[in-house]
Amino acid sequence: MATGETAIFLEGSVPALPKKFCCPKIALRTLHIALILAHQRFALPTELKTERSVKAMKWQRIALAVFVIAFLALAGRSCIQRTKVFATEPSTVIRNPDRFSNRTVILSGQVISALSIGGVGFFLLQDEKGSAITGATQRGTPDIGGIFRGEGGGRKTLQNGAASVIGVEEWDRKQIGFDEVKKPIKVLSIGQIRDEAIKYNGQPVLVQGKVIEGADILGAGYFIITDGKEVLTIITSSGSPRIGSLVQVFGVYNRLAFMKGQTIDCLIEIERKAKDWEERAPSQQM
């Protein structure tokens with residue numbers, strides 16, 4: 001290295017930061033480089049310093065400082081946008097799955113159903129508008145009827161063309177109250193629900209019909225009911241009922257997709273009542 005030259009060591013001049021601090025790391029390195037370049041650019045030998053050159057250096061350094069501050073502000077804004085936490089309602093997340101997928105959300109609501117499979121807990125969190133979103137947790141299932149405020153990440157569980165279903169991977173929760181789960185009184189026909197599938201998507205509903213098919217393993221499975229006109233698949237964790245029996249099911253309706261003129265949907269069972277089935281005309285069965 002020639003005499004009088006200045007050695008600039010950029011690598012290692014700023015301590016390595018964890019990956020999650022990528023924006024501060026870039027900002028600090030940029031600031032460090034800018035200050036070095038400013039020193040290299042504006043440093044003059046003592047014999048060449050004049051009043052005019054000193055003023056020029058002063059304004060150039062001010063301009064550089066403004067640039068660096070603006071850069072840091074933009075970098076900070078970018079970091080905040082990537083780590084933004086959304087405090088919202090389950091109904092809003094359900095209606096906007098793409099917006100909340102892989103984003104941190106804070107949700108409040110009442111647990112209306114809960115079960116555990118293989119050490120993983122699943123529950124339905126219902127907001128004041130009646131919409132319920134599925135949550136998954138490693139912390140044990142919450143109490144049914146409990147009112148909770150929790151934080152987690154939005155996760156798409158199904159994507160079929162333009163249709164998608166979203167759930168929440170729970171990271172933390174706090175119980176803030178308790179109340180009895182309110183159930184709808186009016187029994188809806190399967191056709192009524194499908195005619196307004198967007199309205200009832202994610203909503204608790206009450207249906208009834210005759211069981212025509214079903215299967216389960218260790219209680220987890222499905223069964224299909226008919227109301228004499230249409231059929232609906234019920235997802236259950238309480239075992240499939242006897243084929244031919246009449247059941248009344250309280251659960252959360254899920255519209256999964258609409259393909260070739262048909263609605264693909266299911267009902268996640270919360271509670272079920274079975275009654276003896278009497279052979280009657282379809283119009284008299286409901």
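**Terms**

I take buried as under 20% relative accessible area, exposed as over 50%, and partly exposed as in between, with a 1.4 Å probe and protein chains only. I work on a predicted model, in which local features need pLDDT of at least 70 and side-chain atom pairs count only at pLDDT 80 or more, while totals for chains, interfaces and linings use all residues. Residues are numbered from 1 along each chain as its sequence is written, and side-chain values use heavy atoms, with hydrogens and water left out.

**Entry: E89 and K129**

I began with K129, which is exposed because its relative accessible area is 52%. I looked up its partner for a salt bridge (a side-chain nitrogen of Lys or Arg within 4 Å of a carboxyl oxygen of Asp or Glu). K129 pairs with E89, and the closest N and O atoms are 3.3 Å apart. This pair links distant parts of the chain, 40 residues apart: E89 sits in the loop between β1 (85–88) and α3, and K129 in the loop between β3 (120–126) and β4 (132–137). For these elements I use DSSP runs numbered from the N terminus, with helices as H or I of at least four residues and strands as E of at least two. I noted E89 as partly exposed, since its relative accessible area is 31%.

**Entry: T92**

I then went to helix α3 (residues 90–95), where T92 lies. T92 has 15% relative accessibility and therefore counts as buried. I also checked T92 against S131: the two are 39 residues apart along the chain, and their C-alpha atoms are separated by 9.0 Å.

**Entry: E169 and R155**

I found a salt bridge between the side chains of E169 and R155, at 3.1 Å from N to O. E169 belongs to strand β6 (residues 163–178) and R155 to strand β5 (residues 146–160), so the pair ties together parts that are 14 residues apart in sequence. E169 counts as partly exposed because its relative accessibility is 36%. R155 is also partly exposed, with a relative accessible area of 29%.

**Entry: E269 and R272**

I asked how far apart N and O are in the salt bridge of E269 and R272. The distance between them is 2.7 Å. E269 is buried, as its relative accessible area is 7%, whereas R272 is partly exposed at 25%.

**Entry: network and count**

I recorded R139, E170 and R173 as linked in a network of salt bridges. My count by the rule comes to eight salt bridges.
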